[in-house]
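Here is a short briefing for a reader new to this structure. Look at the sequence and the model first, then read on by topic.

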Amino acid sequence: MSTEQQGTGAPRAATAPTAAAPAGGPPEPLNPPSAPLGAPAAPPAGATVLRGVGVSAGQAAGPVARLSEPAGEPASARLGDDVDVEAEAARIAEAAAEVSAALKASAATVEGERRELLETTAQMASDRSLLRSAAKKVTTDRLPAARATWEAAGEVADKFRALGGYMAERARDVADVRDRLIAVLTGAPVPGVPQRDEPFVLVARDLAPADTALLDPARVRAIVTVEGGPTSHTAILARALGIPAVVGVTDAAALTEGRVVLVDGAAGTIDLAPDEAAVRRAAERAAQVRTFAGSGQTADGHPVALLANVGDPAGARAAADAGAEGVGLFRTEFCFLDRGQEPSVEEQVTAYRTVLAAFPGRKVVIRTLDAGADKPMPFVTDTQEANPALGVRGLRTARRAPEVLEHQLEAIAQAAAAESADVWVMAPMIATVPETEEFVASCARHGLTTAGVMVEVPSAALLAGPILARAAFASIGTNDLTQYAMAADRMLGSLAELSTSWQPAVLRLVEETCRGGAQQSRPVGVCGEAASDPALAVVLVGLGVSSLSMTPRALADVAAVLGATDLQRCRELARAAVDAESAEAARAAVRAGLPVLTELGL
Ligand code: PEP
Ligand code: MG
């Protein structure tokens, strides 16, 4: 067996409330539970169950298909004197052209972010400095082409890792490109998602971004990986595609090719010997397509705005198509990433307008630039900081480069004036009352009157009362709030069991934020991944959250579970979760009190 059973410790989502008061008025104090909440169902006796971290809810059964593994490190023997090193070196460029062309062809079959991802990997495969360095190792050190590629790619990956954060993730892409090049050079099968006619459960050590970009939900019923955490690329994509997923399954060796297994992406389990009825039920549930009718509420009619997290214009269109009531978190970083300097105001206005245009008359909460930590940007961050997650990130970058925030607020104001969306603005990483005052004042100078804060730092949660006396609203970023409350790097798979918003300490901070919101009659939403877990969504609503913002794919499931649960029950379950002594106990108590989850296969 591998790691302990864990909750769907999701990563991102945001919120945004309405005008001055939360929908349905300020939250009331929580009541003690009126009904027993029961214990989690134990796995059937005799069943062999692997455990990992559930990161994308849902159940699915199918035969295991293992991702073809890369060939590994080539031998380092030198080339004999009779070998033409120039011809050997030339093979690297030929292999690169082949890999790059294959990736570009795959890119042409998909859209948006997935296409960009594949195009980026294709570019990396033909990166001149990588190819030059590998060729030199052949001609100078007389290494075979495959070995030279291995070493040259290793050096590039080390440089990315040394940069840390977002750049460090590039090391994974370099390794992927390296493995593809070596496969072509040695005639081995190119690593990747197996091509099958029948749907399957994909099992892998880890998925490269280029693999995830090509996942077809019609073929891949569930994903199981040995590595990765709740905020890993695999987890985020699995949620976006609605594929049940469990990561951190250290015992995945038991998942042999062709074996039929049942994956529960909420419980984080893989049943190695599911009975036929369970397999049939999973298939029936997977066939049910839920849609979101466009307005969130509890069973007794308490409104909860269900909004979307959006990262670029294509995401905004997808969110509108999925029926999102608005945008609870518009991450503006896409406009700034991979650039040596900030984009012009005009460029920003154009980009923001495209997103606003997808939601005429609807609320769109724009987050100002969240640079630093996992998203270093040369014009505002210092990549030499020893602890970038605790450094100059989020709003703090305005201390170093106030003009970048000023230009962005100017662009947001112009975009808002040109479109009909109801624009709210919020700052990431607010930690103090004076920071709030300054941000609200800056927004006001640009005519942006609905200015709020993200609650991502525990100090902001504890000071929610005075902060919300100044700000119009708060949106809790549970990804960072969990990271900082638990002192667990959100990117670290090995700490995944700490990085879940089911941790009662995190829920208490959410409760404290809602208390501050209620005192000031200000709406509090959630825009971290916690909002996309239907069971956690119930808890958040019970704690007083008035809007939930999530990946569009999660809207229908969250709406269905909320729609089957009345507000009083939400409060009881919230109380049980907050009073629990561990994340597992909190999650188990809530799930046991929500039979609708099982009915819906969640
Ligand atoms: C969060 O921290 O929960 C959040 C929504 O922001 P991001 O994931 O972009 O840091
Ligand atoms: Mg954050």
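**Briefing**

The structure holds 23 salt bridges. One of them joins Arg180 and Asp211, whose closest N and O atoms are 3.4 Å apart. Arg180 sits in helix α5 (residues 165–186) and Asp211 in helix α6 (residues 209–213), so this pair ties together parts that are 31 residues apart in sequence. Keep in mind that this is a predicted model.

**Domains**

- The domain assignment divides the chain into domain 1, domain 2 and domain 3.
- Domain 1 is written in two segments, 49–68 and 192–287.
- Domain 2 covers 85–186, and domain 3 covers 305–573.
- Taken over C-alpha atoms, the centres of domain 1 and domain 3 are 30 Å apart.

**Where domain 1 meets domain 3**

- In this interface, 9 residues of domain 1 are in contact with 9 residues of domain 3.
- The size of an interface is often given as the accessible area lost when the parts come together.
- Between domain 1 and domain 3, the buried area is about 760 Å². Carbon and sulfur atoms give 60% of that area.
- How many salt bridges does the rule find across the interface of domain 1 and domain 3? It finds 1.
- Glu529 and Arg239 form a salt bridge, with 2.7 Å between the closest N and O atoms.
- Which helix gives the most to the side of domain 1 that touches domain 3? Helix α7 (residues 233–241) does, with 3 residues.
- By class, that side of domain 1 has 4 nonpolar, 4 polar and 1 charged residues.
- The rule also finds 1 residue pair in polar contact across the interface of domain 1 and domain 3, both residues being at pLDDT 80 or more.

**Around ligand 1**

- Ligand 1 is surrounded by 16 residues.
- The closest are Arg331, Gly477, Asn479, Arg490 and Cys527.
- In the side chain of Arg367, an N or O atom is 3.0 Å from an oxygen atom of ligand 1.
- Backbone atoms take part in such pairs too. A polar backbone atom of Thr478 is 3.1 Å from an oxygen atom of ligand 1.
- For Gly477, a polar backbone atom is 3.4 Å from an oxygen atom of ligand 1.

Key. Residues numbered from 1 in each chain as written. Chains lettered and ligands numbered in written order. Predicted model: local features only at pLDDT ≥ 70, side-chain atom pairs only at ≥ 80, totals over all residues. Heavy atoms only, no water. Domains from an automatic or database assignment. Contact = heavy atoms within 4.5 Å. Buried area = accessible area lost by both parts, 1.4 Å probe. Salt bridge = Lys/Arg side-chain N within 4 Å of Asp/Glu carboxyl O. Polar contact = N/O pair within 3.5 Å; in protein donor to acceptor, adjacent residues only side chain to side chain. Helix = DSSP H or I, 4+ residues; strand = E, 2+ residues; numbered from the N terminus. Nonpolar A, V, L, I, M, F, W, Y, C, P; charged D, E, K, R; others polar. Near = heavy atom within 4 Å.
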